[in-house]
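This report covers the ligand site of one model and the helix packing beside the site's residues.

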Amino acid sequence: MQPGQPSRTALRAAAHRAAHQVYDGGRIFADPLATQVLGETPAAVFGEALGSRANVSMRGFIAARSRFAEESLAAAVGRGVRQYVVLGAGLDTFAHRNPFADAGLRVFEVDHPATQDWKRRQLADAGLASPASLTFAPVDFETQTLADGLAGAGFDATAPAFFSWLGVIVYLTRAAALETLGYIARLSGGAEVVFDYGEPVSAYPPAQRPAQARRGARMAAMGEPWLTRFAPDELAGLLRGLGFGEIEDLGPAAISARFYGVERPDGPGGHLVRARR
Ligand SMILES: C[S@@+](CC[C@H](N)C(=O)[O-])C[C@H]1O[C@@H](n2cnc3c(N)ncnc32)[C@H](O)[C@@H]1O
């Protein structure tokens with residue numbers, strides 16, 4: 001991230017969710033606040049690239065990862081979980097739509113301080129008051145621990161919790177990513193986490209690598225370079241080593257079949273993971 005500046009990729013992810021409502025009718029993930037919190041149109045964010053193949057494909061993935069997280073959260077709430085931590089929340093709107101607030105689900109939004117300040121201004125500009133069930137916890141994963149940030153926000157580390165971590169790991173160092181996953185795995189109340197990750201560029205067929213490299217270069221130019229990617233087998237081993245016993249890893253073919261309603265051959269790409277201890 002650029003020093004002192006909010007995440008620009010958070011703006012783009014939010015614009016993809018808004019575009020999904022406007023152009024796809026929220027078919028995969030309905031978010032009635034996505035456009036309101038963005039405060040501008042997706043076209044204003046993406047310009048002529050709005051309808052490009054890469055952008056349409058990315059907005060499907062971003063819709064799918066939010067749906068996967070919120071479906072997994074709903075199942076966790078059904079089992080009695082009453083704490084939801086949104087890591088690297090960006091302009092995520094769950095806390096302002098929380099269907100489990102009356103059931104006592106508390107939401108903790110953790111994000112880089114500069115992004116969180118910007119989000120709070122976006123919410124105020126959109127006229128979205130923050131509910132009593134929401135607590136903001138500013139944390140820079142590279143320089144502060146999640147344990148300290150959450151303790152200061154009133155999170156109960158001895159009670160069960162559900163975490164989502166969408167679109168963040170790729171921008172962190174491997175050490176920071178594993179440190180946070182380790183913290184989640186060690187929570188004495190028991191925890192579950194949903195996150196996404198990308199496979200190394202070297203896993204792609206040679207013909208697809210230049211496009212991947214160009215995307216990576218665009219993110220780096222925004223000050224948010226890709227730092228951490230995993231091979232699926234490697235990640236499964238790391239998660240098991242941290243103590244996660246139940247691991248679900250959906251690759252591109254499984255995501256397409258489950259969320260897009262189309263079959264596609266398996267290959268490298270974005271993955272969605274749910275891991276529970
Ligand atoms: C691509 S955005 C995803 C935002 C949101 N999860 C979504 O899906 O819309 C990446 C997020 O990671 C956060 N992030 C990046 N580096 C961070 C760090 N070192 N500490 C805390 N958050 C960080 C950014 O502030 C931003 O909110």
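## Ligand shell

Around the ligand there are 22 residues, and those that come nearest are Arg 17, Gly 88, Asp 111, Thr 115 and Leu 166; a residue is near a molecule if one of its heavy atoms lies within 4 Å of it. This is a predicted model, in which local features need pLDDT of at least 70, side-chain atom pairs count only at pLDDT 80 or more, and totals for chains, interfaces and linings use all residues. Residues are numbered from 1 along each chain as its sequence is written, and side-chain values use heavy atoms, with hydrogens and water left out.

By class, the shell has ten nonpolar, seven polar and five charged residues. Here Ala, Val, Leu, Ile, Met, Phe, Trp, Tyr, Cys and Pro count as nonpolar, Asp, Glu, Lys and Arg as charged, and the others, Gly among them, as polar. Helix α1 (residues 8–24) supplies the largest share of the shell, four residues; helices are DSSP runs (H or I, at least four residues), numbered from the N terminus.

| Protein side | Ligand side | Distance |
|---|---|---|
| Arg 65, polar side-chain atom | oxygen atom | 2.9 Å |
| Gly 90, polar backbone atom | oxygen atom | 3.4 Å |
| Asp 111, side-chain N or O atom | oxygen atom | 2.7 Å |

On its own the ligand has 580 Å² of accessible area, of which the protein covers 96% (Shrake-Rupley method, 1.4 Å probe).

## Helix packing

The axes of α1 and helix α4 (residues 53–78) are 9 Å apart, at an angle of about 95°; axes are lines fitted to C-alpha atoms over the stretch in contact, and angles run from 0 to 180 degrees between N-to-C directions. That makes the two helices α1 and α4 roughly perpendicular (65 to 115 degrees). Residues in the contact (heavy atoms within 4.5 Å) include Arg 12, His 16 and Arg 17 of α1 and Met 58, Ile 62 and Arg 65 of α4. The contact of α1 with α4 divides into six nonpolar, four polar and five charged residues.

α4 also packs with helix α11 (residues 252–260), at about 75° and with axes 11 Å apart. α4 and α11 are therefore roughly perpendicular as well. Gly 60, Phe 61, Ala 64, Arg 67, Phe 68 and Glu 71 in α4 meet Ile 255, Arg 258, Phe 259 and Tyr 260 in α11. Six nonpolar, one polar and three charged residues form this contact of α4 with α11.

Terms used: A polar contact is a pair of N or O atoms within 3.5 Å; within protein, one must be able to donate a hydrogen and the other to accept it, and residues adjacent in sequence count only if both atoms are side-chain atoms. Angles under 35 degrees count as roughly parallel, over 145 as roughly antiparallel, 65 to 115 as roughly perpendicular and the rest as oblique.
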